Amino acid sequence: MTWLVPEHLQTPIDERLFYGYNSRSIHEDAEQALSGRAGGALEDTVSLTPIGEPRHKVTTASLREQKLRREPISCLTAYDYATARLVDEAGIEMILVGDSLAQTMLGYENTLSVTVDEMLHHVKAVRRGVKNALLLADMPYGSYQIDAKSALDNATRFVKEGGAEVVKIEGGEKRADLIRRIIDAEIPVAGHIGLTPQSVNVMGGYKVQGKNLSGIEQLMRDAVALDHAGVACLFLEGIPREVAAMITAEVAAPTIGIGAGPECDGQVLVFHDIMNLTFGPPAKFVRRYGDAASLITNAAQAFRADVKSVRYPADEESYHLPKETKAGLDTVLARKRAMGR
């Protein structure tokens with residue numbers, strides 16, 4: 001078997017799978033670049049970050065630097081201003097307005113129904129809450145599959161109207177040419193391979209990908225093709241840990257895992273999943289860090305009980321007339337009562 005990659009990168013599959021394309025690993029190349037021994041000029045790069053900023057703005061370039069330093073990258077979804085602001089202030093490096101909002105925010109059965117306009121509505125809200133994190137937006141189903149022109153038009157909308165800094169597109173090597181065109185229009189693109197939810201009908205459900213040799217080969221081809229196309233990062237969803245580790249070592253782009261094991265350069269989870277705000281059993285890879293569902297339910301029930309028992313609002317939670325106005329009103333009411341007799 002051979003992968004569809006340049007001839008100078010092709011080696012027998014057993015060597016490719018276990019030793020990589022080159023004799024040196026990407027990390028060895030990276031360390032030499034950082035030290036200046038490999039002709040890298042990172043030390044000549046001028047920082048545009050203002051002096052005195054408590055946090056640096058995360059960019060596509062700084063993500064690559066994190067990969068070179070082997071510094072793990074954190075990513076969470078957000079769909080509204082308040083959540084985005086809290087997540088950003090917590091120091092999360094990447095915020096993704098995922099098409100998962102179709103289910104978490106809009107109550108759709110899957111991600112296929114959400115529209116570009118619905119996505120943009122949420123991207124704009126999130127943009128207002130983000131200061132330091134890199135803001136990514138999913139391009140929903142139908143926004144890039146039809147033709148390259150509509151894909152470019154929609155990607156441009158996410159940047160111009162929504163304020164997204166990166167758009168995310170699902171699919172492997174078959175998307176490489178399209179991704180190049182979008183990048184040529186000065187729009188950074190995040191790739192997404194493995195379990196791609198927009199392909200749920202083709203895949204026959206949400207199933208782990210790359211569990212046999214042919215599946216592994218396809219994932220490696222997909223990863224290399226997107227890396228060569230110039231993706232800013234590569235999301236790996238629902239693939240075996242061992243395969244994700246191979247991809248992470250092979251590509252220059254930072255890998256962001258969701259159900260892909262700890263060897264990825266970063267990890268992403270859906271905010272509603274980690275806060276127990278979903279209404280179904282969690283996926284195997286989901287770890288819950290809070291219980292907002294109980295918090296909200298308990299608060300709503302306590303409010304209802306206080307209203308029913310007239311404990312809310314209390315006098316101190318009510319507005320009162322100025323003394324002079326109240327005295328005048330009391331006089332008027334007293335006269336009315338007297339006349340009524």
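Visitor: Which charged end sits over the ring of Phe 235?

Guide: That's Lys 168, whose charged end is 5.3 Å from the ring's centre. The general idea: a charge sits over a ring if NZ of Lys or CZ of Arg is within 6 Å of the ring centre and within 35 degrees of the ring normal. Before we go on, a word on the model: it is predicted, so local features need pLDDT of at least 70 and side-chain atom pairs count only at pLDDT 80 or more, while totals for chains, interfaces and linings use all residues. Residues are numbered from 1 along each chain as its sequence is written, and side-chain values use heavy atoms, with hydrogens and water left out.

Visitor: Okay, how many helices and strands are there in the chain?

Guide: The chain has 14 helices and eight strands. Both are DSSP runs numbered from the N terminus: helices are H or I with at least four residues, and strands are E with at least two.

Visitor: And what share of the residues is buried?

Guide: Buried residues make up 42% of the 341 in the chain. Buried means under 20% relative accessible area, exposed means over 50%, and partly exposed is in between (1.4 Å probe, protein chains only).

Visitor: How do I read a pair of aromatic rings?

Guide: Rings of Phe, Tyr and Trp (its six-membered ring) pair if their centres lie within 6.5 Å; planes under 30 degrees apart count as stacked, over 60 as edge-to-face and the rest as tilted. Searching the whole structure turns up one aromatic pair. The ring centres of Phe 303 and Tyr 312 are 5.9 Å apart and the planes are at 65°, so this pair is edge-to-face. Phe 303 is partly exposed, at 48% relative accessibility, and Tyr 312 is partly exposed too, at 38%.

Visitor: What kind of peptide bond joins Tyr 312 and Pro 313?

Guide: A cis one, with omega about -5°. Most peptide bonds are trans. You'll find Pro 313 in the loop between α13 (292–308) and α14 (323–340).

Visitor: Now the helices. At what angle do α6 and α7 pack?

Guide: First, how it's done: axes are lines fitted to C-alpha atoms, for helices over the stretch in contact, and angles run from 0 to 180 degrees between N-to-C directions. Helix α6 (residues 116–129) and helix α7 (residues 148–160) pack at about 20°, with axes 10 Å apart. Angles under 35 degrees count as roughly parallel, over 145 as roughly antiparallel, 65 to 115 as roughly perpendicular and the rest as oblique. So α6 and α7 are roughly parallel to each other. Val 116, Asp 117, Met 119, Leu 120 and Val 123 of α6 make the contact with Asn 154, Arg 157 and Phe 158 of α7. Contact means heavy atoms within 4.5 Å.

Visitor: Is the crossing of α6 and α7 left-handed or right-handed?

Guide: Right-handed. A crossing is left-handed if the near helix is turned anticlockwise from the far one by less than a right angle, and right-handed if clockwise.

Visitor: How do α4 and α6 pack?

Guide: Helix α4 (residues 81–89) packs on α6 at about 40°, with the axes 7 Å apart. That angle makes α4 and α6 oblique to each other, and their crossing is right-handed. On the α4 side, the contact involves Tyr 81, Ala 84, Arg 85 and Asp 88; on the α6 side, Ala 125, Val 126, Arg 128 and Gly 129.

Visitor: One last thing: where is Thr 156, and what is Thr 156 in contact with?

Guide: Thr 156 belongs to helix α7 and is partly exposed, at 28% relative accessible area. Leaving aside neighbours within four places in sequence, Thr 156 is in contact with Glu 161 and Ile 187.
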